[in-house]
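Welcome, and please open the model in your viewer. We will walk through it one selection at a time.

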Amino acid sequence: IGVDEKSLISILTNSNEEHKRSLRKGSSKLFIEDENGFERWDQSSIKILKHQFNRFRDAVVLSLLHPWERDARLIEKAIRKGPKHYNVIVETACTRSSDQLLGARKAYHSLFHHSIEEHLTHIKGRERKLLVALVSAYRYEGTGVNEDVAKSEAQILYEAINNGDKNKLLDHEDAIMILATRSKQHLQALYRHYNQSYDKTLAQDLEGEGILKDTVECLCTPQTYFTRVLEAAVKEDADEESKRALTRVIVTQKEQLVKEGFVPNKIQDILLGLNKDFMLASIASGDIK
Amino acid sequence: MATVSAPKQVSVKEDAEALRKACQGWGTDEKAIIAVLGHRNAAQRRQIRHVYEEIYQEDLIKRLESELSGHFEVTNGTIIAKAVYRWILDPPDRDAVLANVELKKSGNKHHVMVEISCTKNPEELLAIRRAYHARYKRSLEEEVAYHTKGDTRRLLVALVSAFRYYGEEINTTLAKSEAKKLHEAIKDKKFGNEDVIRILSTRSIAQLQATFNCYREQEGTSITKNLPKDSSDEYIATLRMAVRCLKDPKKYFEKVLRRSIEGIGTDEDALTRVIVTRAEKDLKEIKELYHKRNNVPLDKAVDKETSGDYKDMLLTLLGNE
């Protein structure tokens, strides 16, 4: 099922009643025989259609917005929608450049008359500390990593995860400080040291730890994170949220995705109708920021 | 208002030449250096450095550093060197240097960190963080996190990372409830609790002022009076400084000046820092506060307590001719 607007419009405007009836009878997936003698639209099909149009609308709006406003709105929505959406906050805070994140913070001021940090106080859960710290970061972006410090901080994280109470990780001050203040280069070096020293990756050790794992992946191995999100979206039984994530990731990560050749092949299969055309077109046009 | 009197029209070329002359030959003509630099604002100083480099193919700052710090015979040689160096830097760069110097000192006083995060507007703090990147190849927050621990670390990292909303809107209901939260924390001596740090490091300045006012209405005394004074506890001392800075920066700076001068000896570091960092901002009002509080003009006190070229420098920045 999909929405091919052009064809639809052409067919509908050119059909008479007879033609339309035979269309309905012919589309047994979309229309069911009603006991009162007419072919009615299947309820679940309407839902799917609605979602398709919504996703298209979202894709258009998201693409059109200035990246700062876009990111500010993504964060604000995620805060409002609750814990299942906190990964969007992590994703936005950790995969943008320092200046892009700053821009998002400024846009947030203009749009919502509060700082992101203030709105994050609405979160009662233990994720708040980490989230506030991540959005407040203005990381150094140059090269030059102190490998010794990276190694010792890898150890600090290792001990926090393996020797401490895993449930208390979100409260572990040192861990949060390291993840929230160190440069991405530094954290990537830390990630390497962790792997070398402990024969497993930091991400593996954080399996099941929700936004902590997301944080580490977004900062150290963003392609892994995005691949995971995209694959969840293209699964057969993907829910609406996952599919929305597809739109978000494709729009915000256009550049990277094209580089890594992830699209259009994989995506083509699930994106249908106008949404697909729009997505592929915007990626193909190399609409780079 | 600024106290530094900088003429509107200057010839930066002549200035560069005058500075060059002051550095040549035997010794250094500090008076000439002060006479020029002490009467130039930040934009002009930047232009002078630029022109100097063009003409003489060297960095004026590096030249001054080497000229001035060599004067060990003069008792306050390095003090004048530090003062000139601080003065000639661009304000965000200067604050980044001050922050770094303070972090490297193994003491537990965090004046600079609190001052830059609580008395500057959000854009200024941002500029400082950028300058810190450029100069030290690290972010300010990671350095603060590395050099401090415990509650102090939580407070300072939160303060320097803040990007407060700049607007004047106030939510009175919120101010009242947050004033209550602050009071409860103080009453229970839980100074380091999450609410305290969160409120102080995330709310806009306007909102905080409203909160402090509500506190006063609710409790009958100002919040600063309820925070232990002169505490030997690093965190409480830092917290109190932050509250005072957020509440009334000029009053805070007046006190720093007063403390630096009174008693035996002078705390040149503090004296230089306040005068140099506020001379182009609100040193005039701070001077007025000082006069009111101490019955003697700040200029007179500085004249009495300092000497030599250092005194000349300070008095020039204070607006004396």
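Predicted model: local features only at pLDDT ≥ 70, side-chain atom pairs only at ≥ 80, totals over all residues.

Begin by selecting B:Leu89, which counts as buried because its relative accessibility is 0%; buried means under 20% relative accessible area, exposed over 50%, and partly exposed in between, with a 1.4 Å probe and protein chains only. B:Leu89 sits in the loop between helix H5 (77-88) and helix H6 (91-104) of chain B. Helices here are DSSP runs of H or I with at least four residues, strands are runs of E with at least two, and both are numbered from the N terminus.

Residues are numbered from 1 along each chain as its sequence is written, chains are lettered from A and ligands numbered from 1 in the order in which they are written, and side-chain values use heavy atoms, leaving out hydrogens and water.

**The cores**

Next, select B:Ile33, B:Leu64 and B:Met113. These are the residues with the most contacts inside the largest nonpolar core, which has 96 residues. A nonpolar core is a set of buried Ala, Val, Leu, Ile, Met, Phe, Trp, Tyr and Cys residues joined through side-chain atoms within 4.5 Å. Then move to another core that lies apart from it and has 60 residues, including A:Ala78, A:Ala154, A:Ile161 and A:Tyr225. In soluble globular proteins, nonpolar side chains tend to be buried together.

**Salt bridges**

How many salt bridges does the structure hold over all chains? There are 50, each defined as a side-chain nitrogen of Lys or Arg within 4 Å of a carboxyl oxygen of Asp or Glu.

Pick A:Arg96 and A:Asp71, whose side chains meet in a salt bridge at 2.8 Å, N to O. This pair links distant parts of the chain, 25 residues apart: A:Arg96 is in the loop between helix H5 (86-95) and helix H6 (98-112) of chain A, while A:Asp71 is in helix H4 (residues 67-81) of chain A. Are these two buried or exposed? A:Arg96 counts as buried at 5% relative accessibility, and A:Asp71 is buried with a relative accessible area of 2%.

Now select A:Asp174 and B:Arg153, which form a salt bridge of 2.5 Å, N to O. Here the pair crosses between chains, from helix H10 (residues 173-181) of chain A to helix H10 (residues 150-161) of chain B. A:Asp174 is partly exposed, with a relative accessible area of 32%, whereas B:Arg153 counts as buried at 9%.

Go on to B:Glu178 and B:Arg198, a salt bridge whose closest N and O atoms are 3.1 Å apart. B:Glu178 belongs to helix H11 (residues 172-187) and B:Arg198 to helix H12 (residues 194-202) of chain B, and this pair links parts of the chain 20 residues apart. Both B:Glu178 and B:Arg198 are buried. Then select A:Arg126, A:Lys129, A:Asp171, A:Glu173, B:Asp151 and B:Arg154 together: salt bridges that share partners join them into one network.

**Surface patches**

Turn to the surface and select A:Ile11, A:Leu12 and A:Leu23, a nonpolar patch with about 220 Å² of accessible area together. Patches are made of residues with over 30% relative accessible area and no salt bridge, with like charges joined within 9 Å and nonpolar side chains (Val, Leu, Ile, Met, Phe, Trp, Tyr) within 5 Å. Accessible areas come from the Shrake-Rupley method with a 1.4 Å probe, and for residues only the protein chains shown count as cover. A:Leu12 is in helix H1 (residues 5-14) of chain A and is partly exposed, at 43%.

A positive patch comes next: B:Arg216, B:Lys225, B:Lys229, B:Lys251 and B:Arg293. Lys and Arg count as positive and Asp and Glu as negative, with His and the chain ends not counted; the place of a charge is NZ of Lys, CZ of Arg, CG of Asp or CD of Glu. B:Arg216 lies in helix H13 (residues 205-219) of chain B and is partly exposed, at 47%.

**Two loop residues**

Finish with B:Gln57, which has a positive phi of about 55° although it is not a glycine. B:Gln57 is in the loop between helix H3 (42-56) and helix H4 (60-69) of chain B, and is exposed at 64%. B:Lys137 also has a positive phi of about 55° without being a glycine; select it in the loop between helix H8 (122-136) and helix H9 (140-147) of chain B.
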